[in-house]
Amino acid sequence: MGTIKCIGILTSGGDAPGMNAAIRAVTRSAIYNGFRVKGIYRGYEGLITGEIKEFQTQNVSNIIQQGGTILKTARSKEFETPEGRKKAFETMQKEGIDALVVIGGDGSLTGARIFGEEFNIPCVGLPGTIDNDLFGTDTTIGYDTAMNTIIECVDKIRDTATSHDRLFFVEVMGRDAGFLALNSAIASGAEAAIIPEDRTDADQLEEFINRGFRKTKKSSIVIVAESPKDGGAMHYAERVKNEYPQYDVRVTILGHIQRGGRPSAHDRILASRLGCAAIEALMEGQRNVMIGIQNDKIVYVPFTKAVKNDKPIDRSLIRVLDELSI
Ligand code: ATP
């Protein structure tokens, strides 16, 4: 453990349900093990500007059930520059913070890796993103809750789809990853999922129309992963209107509703376990690692692996969806 006396904690990038449970776990575990804890507000931005407060156990009371992040989060352009990171380092020195726990997605963990290496600071990361797109961990904090939110919405959309015999394209988040789309399609009984991992294959829309509508079903729900590359659900709906005008098509973009809400039991437990493990990792002298979970066991994944490697989608899930949507 060496010289670590005070641990700083921040949340960065997109907020995810369960981040508060992670903040609570890191804070309480750190104090339990004899460290001081400082909460850094608004991610790396607050580290640069010095928006920092010392945390006692009661600062994290009553937050395990809350969505969002009490530390707030931000995207900091300045932290991406050497000058910005130097300011952040100076703040750490001034505040007497010796180590950092960063909760966020791949961008945030990339920032932690660069910062940790540049200034020789022990940094560990927790995977906090609804996208589940970090390599080396089976799941991320917020993913389960987001998926539950999606299926609740799709269940409601299905009522209308069935009543009107409509084809619905429901767009979900995930950036360049199809985990949310594919698994929520299975969980909501949707007819198909259009995911980025498959976009290089044969035209997914054509395949689905040919396969899906030769059945007796008159209504259909297709979950589409958002994608800046091809325009997402709107794009597919336009295509159906032009190429298959016989279908009554509608689009629902779920948007930020997917990020909010009380974290599920799964995410609370995951965040609590990973938070405790982050402090244990620092006590063991670990640095530059993301704390992940594989086969229900805590693992340390080097930042470089977690963010650089593409997490593969389990292709057997595509088959499950295909088989069950006949
Ligand atoms: P989500 O997956 O939920 O969007 P994220 O952590 O990937 O979360 P980003 O916006 O990619 O979100 O990154 C958050 C912040 O991390 C950035 O605003 C920036 O401050 C920092 N960051 C990202 N990439 C780098 C980098 N290459 N160097 C330094 N800092 C970085």
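Predicted model: local features only at pLDDT ≥ 70, side-chain atom pairs only at ≥ 80, totals over all residues.
Local features require pLDDT of at least 70 and side-chain atom pairs pLDDT 80 or more, whereas totals for chains, interfaces and linings use all residues. Residues are numbered from 1 along each chain as its sequence is written, and side-chain values use heavy atoms, with hydrogens and water left out.

**View 1. Residue shell around the ligand.** Of the 19 residues around the ligand, those that come nearest are Arg75, Ser76, Asp106, Ser108 and Arg175 (a residue is near if one of its heavy atoms lies within 4 Å). Helix α4 (residues 106-119) supplies the largest share of this shell, six residues; helices are DSSP runs of H or I with at least four residues, numbered from the N terminus.

View 2. A polar backbone atom of glycine 107 is 2.9 Å from an oxygen atom of the ligand, in a polar contact (a pair of N or O atoms within 3.5 Å). For a backbone N or O atom of glycine 105 the distance to a ligand oxygen is 3.0 Å, and for a polar backbone atom of glycine 14 it is 3.3 Å.

**View 3. Packing of helices α1 and α9.** Helix α1 (residues 19-32) packs against helix α9 (residues 265-283) at an angle of about 35°, their axes lying 7 Å apart (axes are lines fitted to C-alpha atoms over the stretch in contact, and angles run from 0 to 180 degrees between N-to-C directions). Ala21, Ala22, Ala25, Val26, Ser29 and Ala30 of α1 meet Arg268, Ala271, Ser272, Gly275, Cys276 and Ile279 of α9, contact meaning heavy atoms within 4.5 Å.

How values were computed
Polar contact = N/O pair within 3.5 Å; in protein donor to acceptor, adjacent residues only side chain to side chain. Helix = DSSP H or I, 4+ residues; strand = E, 2+ residues; numbered from the N terminus.
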